[in-house]
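Have the sequence and the 3D view ready as you read.

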Amino acid sequence: MSELLPILVEKSIQIAWDFLERSGEITDPADASRFLLRSIDDMARAGEHRPLMLANNAIDAYRRYKRLLAA
């Protein structure tokens, strides 16, 4: 692994956050940050170490989560 886990997680969260913020999908920043941290941390600990893949998967998961909350 080329990056330490905390740096990898931080970088991936920032990518996901920037995208979701620009698209206007973050309605509750505290909830979004907790969700992204949990999601990305779990995937990184499971072995995924590509920041863009972590961010994209977290974005997809966040969108599914928001749809479930709205239902």
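Arg50 counts as partly exposed, at 49% relative accessibility; here buried means under 20% relative accessible area, exposed over 50%, and partly exposed in between (1.4 Å probe, protein chains only). Its side chain meets that of Glu48 in a salt bridge, and Glu48, at 18% relative accessibility, counts as buried.

Before going on, a word on where these values come from. This is a predicted model, in which local features need pLDDT of at least 70 and side-chain atom pairs count only at pLDDT 80 or more, while totals for chains, interfaces and linings use all residues. Residues are numbered from 1 along each chain as its sequence is written, and side-chain values use heavy atoms, leaving out hydrogens and water.

**Salt bridges**

How many salt bridges are there? The count comes to three, taking a salt bridge as a side-chain nitrogen of Lys or Arg within 4 Å of a carboxyl oxygen of Asp or Glu.

| Pair | N to O distance |
|---|---|
| Glu25 and Arg63 | 2.8 Å |
| Asp41 and Arg45 | 3.0 Å |
| Arg50 and Glu48 | 2.8 Å |

The side chains of Glu25 and Arg63 meet in a salt bridge. This pair links distant parts of the chain, 38 residues apart: Glu25 sits in the loop between α1 (5-22) and α2 (29-45), and Arg63 in helix α3 (residues 51-70). Helices are DSSP runs (H or I, at least four residues), numbered from the N terminus. Glu25 is partly exposed at 22% relative accessibility, and so is Arg63 at 28%.

Asp41 and Arg45 are four residues apart in helix α2, so about one helical turn separates them. Arg45 is exposed, with a relative accessible area of 60%.

**Helix α1**

The 18 residues of α1 should span 26 Å at 1.5 Å a residue, and its end C-alpha atoms are 26 Å apart, which agrees. (The expected span is 1.5 Å times one less than the number of residues.)

Which residues of α1 are buried? They are Leu5, Leu8, Val9, Ser12, Ile13, Ala16, Trp17 and Leu20. Seen down the axis of α1, these buried residues fall within an arc of 155 degrees, so they line one face of the helix; the arc is that of the directions from the helix axis to the C-beta atoms. They pack against α2 and α3, where contact means heavy atoms within 4.5 Å.

The face of α1 turned away from its buried side carries the exposed residues Glu10, Glu21 and Arg22. Just after α1, Gly24 takes a positive phi of about 75 degrees.

Methods: Helix = DSSP H or I, 4+ residues; strand = E, 2+ residues; numbered from the N terminus.
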